[in-house]
Amino acid sequence: MALNANQASTNPIDDVVLTSVFLAFGILLSLYVAANAADPQMEIHALMFAAAFAFGALFLARHVMEEPKAEPGGYAMGVVRAGVFASVFWGLAGFLVGVVIAAQLAFPNLLYFPDAAWTSFGRLRPLHTSAVIFAFGGNVLIATSFYVVQRTCRARLFGGIAPWFVFWGYNLFIVIAATGYLMGVTQSKEYAEPEWYADLWLTIVWVVYLLVFLGTVLKRKEPHIYVANWFYLSFIVTIAMLHIVNNLAVPVSWTGSKSYSLFSGVQDALTQWWYAHNAVGFFLTTGFLAIMYYFIPKRAERPVYSYRLSIVHFWSLIFIYIWAGPHHLHYTSLPEWAQTLGMTFSVMLWMPSWGGMINGLMTLSGAWDKLRTDPVLRMMVVSVAFYGMSTFEGPLMSVRAVNSLSHYTDWTIGHVHSGALGWVGYISFGALYCLVPWLWNRKQLYSNALVEWHFWISTIGIVLYITSMWVSGIMQGLMWRAYNEFGFLQYSFVETVEAMHPYYIIRMIGGSLFLVGAIIMAYNLYRTARGDIRANEQVPLAPVPAAAS
């Protein structure tokens, strides 16, 4: 079918042909691998890839045949709406698995099923971390970055159907990774568990993501590049570098799921923690700081407190953060100078991190009264407070003397979740609460009262979670290093586990409350998208979509 002029401007025929060839090649390659798979896991994943490519071909055909839908301002918002839906779905799934594995630690005898290996803690734990970090967090970042770059550049997303390829391709990676964990397919690398073929697919998707984002910035109609786009771009570029280097591996077979890392020994450990800590730094920090720099000013209807401080924050953060990884390897065979380097740069991170926190909080100058009436803004401001607390605690725990007590204990778990639930979770929830009325052209949320319930229930959950892990972790570390008068360890390992049991129950309760809050949010967003407004709802109007530019 011939394309009309409007379609040709967004879906050039050459792109359609190229995409069709790519999808056809993907189907044939996947079927070949499935037919010659060296193990059942690879066969299943190859068939899943084939089904995904076939779905992509149907999606492409429908996209070419249908009339293009007019979007306000000519922006591509369909992919952003899909990203919002995926973010909520994966968030609920990831939080639920987190509660399950917390219950497994609290009540191991009740939740142990030896005949169902996929239910074991060892397989569900990476499923939880990947679901909340990469599935929930990643979809939030992709959706918000596609929204923000269009609005701040006053330009439609570059690449025609390429943004849809990024969305579906990234979520295919999530499905492949998650099902792989349940089947026991893993590299056994923290935050980098997917095997070589999943990593290769993600690399392709991520390069297209970079091209879409960068192409949109380059064709912008706004001469100035807003600071949020700097943070998004640093997140995309650095994660690409980290992902490629850390996942360099040699497959045992081109049709098998197993591979071996290109690195070994201490070099492998250093590469892994260079990756893992900077995945925290550039995936869970700079990406979500971009959200902070756009959505807090929009919600508060105030400009960023200091644009100059935001630029200093950006350059100092990305320079310092990349060196901090070795602090995960204190008291190991890593040379002491490398350990000290990581510790030094971690302590230096206090300055740019708190500079960004101050910038986010001070953006509310002249609008502090809105915290009483706008729970969405309150949630985002509390997220910045959690960011400040986490970026104080992290450098503290990197100091070798403190690390000797904290490392390998639940204190680390408490620290991670103060950042994950408080900072990443709350800034993401705030962005979703802002996006849904804007994207579905609604004047306000279905219910601000439900946002209040979400805020307070989840805040109580976060406090229960992190305080129980702080107490449990410090107690655990002190018990491990306690000696009796004869110079022997005073406590056996099982005694430390027994002592931590009450705190594991508290953690499970805290995680459950956080999940309940997320369920309330999902219901609220669903009713908002439908256009409903709760009866007798007395709320101030959210910023209208036309102003969300």
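Visitor: Where in α17 is the kink of about 30° centred?

Guide: Happy to start there, with the note that this is a predicted model. Helix α17 covers residues 410–439 and has 30 residues. From first C-alpha to last it reaches 40 Å, close to the 44 Å expected at 1.5 Å a residue. The kink of about 30° is centred on Gly 425.

Visitor: How many of the 30 residues of α17 are buried?

Guide: Buried here means under 20% relative accessible area. By that cut-off α17 is mostly covered, and its count of buried residues is 26.

Visitor: Which residue just after α17 takes a positive phi?

Guide: Most residues other than glycine have a negative phi. Just after α17 there is a residue with a positive phi of about 60°, and that residue is Asn 441.

Visitor: Tyr 408 has a positive phi as well; is Tyr 408 buried or exposed?

Guide: Tyr 408 sits in the loop between α16 (400–406) and α17. Its phi is about 70°, although Tyr 408 is not a glycine. The cut-off for exposed is over 50%. At 60% relative accessibility, Tyr 408 therefore counts as exposed.

Visitor: And Glu 301, in which loop does that residue lie?

Guide: Glu 301 is not a glycine, yet its phi is positive, about 55°. With 53% relative accessibility, Glu 301 counts as exposed. Its place is the loop between α10 (286–300) and α11 (307–321).

Visitor: What span should the 38 residues of helix α19 have at 1.5 Å a residue, and how far apart are its end C-alpha atoms?

Guide: Helix α19 runs over residues 493–530. At 1.5 Å a residue it should span 56 Å, which agrees with an end-to-end C-alpha distance of 54 Å.

Visitor: Where in α19 does a kink of about 45° lie?

Guide: There is a proline in α19 to look for, Pro 502. The kink lies shortly before that proline, at His 501.

Visitor: Which residue follows α19 with a positive phi?

Guide: The phi in question is near 95°. The residue that follows α19 with this value is Gly 531.

Visitor: Let's turn to cavities: how much space lies in the largest cavity?

Guide: The structure holds 2 cavities of 30 Å³ or more. The space in the largest cavity is about 220 Å³.

Visitor: Which element gives the most to the lining of the largest cavity?

Guide: This cavity is lined by 20 residues, and Phe 134, Phe 173, Leu 202, His 243 and Tyr 275 lie nearest its centre. Two or more lining residues come from each of α5 (121–153), α6 (162–183), α7 (196–218), α8 (227–246) and α9 (265–282). By class, the lining has 16 nonpolar, 3 polar and 1 charged residues. With 5 residues, the element that gives the most is α6.

Visitor: Which element gives the largest share of the lining of the second largest cavity?

Guide: About 40 Å³ of space lies in this cavity. Its lining includes His 45, Ile 176, Tyr 181, Glu 195 and Tyr 197, and the elements giving two or more residues are α6 and α7. The lining has 7 nonpolar, 2 polar and 1 charged residues. The largest share, 4 residues, comes from α6.

Visitor: What kind of aromatic pair do Phe 59 and Trp 164 form?

Guide: The count of aromatic pairs comes to 51. In this pair the ring centres are 5.4 Å apart and the planes lie at 55°, so the pair is tilted.

Visitor: How many residues apart in sequence are the parts that Phe 59 and Trp 164 tie together?

Guide: Phe 59 is partly exposed, with a relative accessible area of 22%. Phe 59 lies in helix α3 (residues 40–65) and Trp 164 in helix α6, so the separation in sequence is 105 residues.

Visitor: Which helices hold Phe 146 and Tyr 209?

Guide: Phe 146 and Tyr 209 form an edge-to-face pair, 5.7 Å centre to centre with 85° between the planes. Both Phe 146 and Tyr 209 are buried. The pair ties together parts 63 residues apart in sequence, because Phe 146 lies in α5 and Tyr 209 in α7.

How values were computed:
Residues are numbered from 1 along each chain as its sequence is written. This is a predicted model: local features need pLDDT of at least 70, side-chain atom pairs count only at pLDDT 80 or more; totals for chains, interfaces and linings use all residues. Side-chain values use heavy atoms; hydrogens and water are left out. On a 1 Å grid over the protein atoms alone, a cavity is a set of points where a 1.4 Å probe fits but cannot get out, and a pocket is an open set with protein on both sides within 12 Å along at least five of seven lines; lining residues have an atom within 4 Å of a point. Grid points are joined across faces, edges and corners, and a volume is the space filled by probe spheres set on the points. Ala, Val, Leu, Ile, Met, Phe, Trp, Tyr, Cys and Pro count as nonpolar, Asp, Glu, Lys and Arg as charged, and the others, Gly among them, as polar. The expected span of a helix is 1.5 Å times one less than its number of residues. The bend at a residue is the angle between axes fitted to the seven residues ending there and the seven starting there. Rings of Phe, Tyr and Trp (its six-membered ring) pair if their centres lie within 6.5 Å; planes under 30 degrees apart count as stacked, over 60 as edge-to-face and the rest as tilted. Buried means under 20% relative accessible area, exposed over 50%, partly exposed in between (1.4 Å probe, protein chains only).
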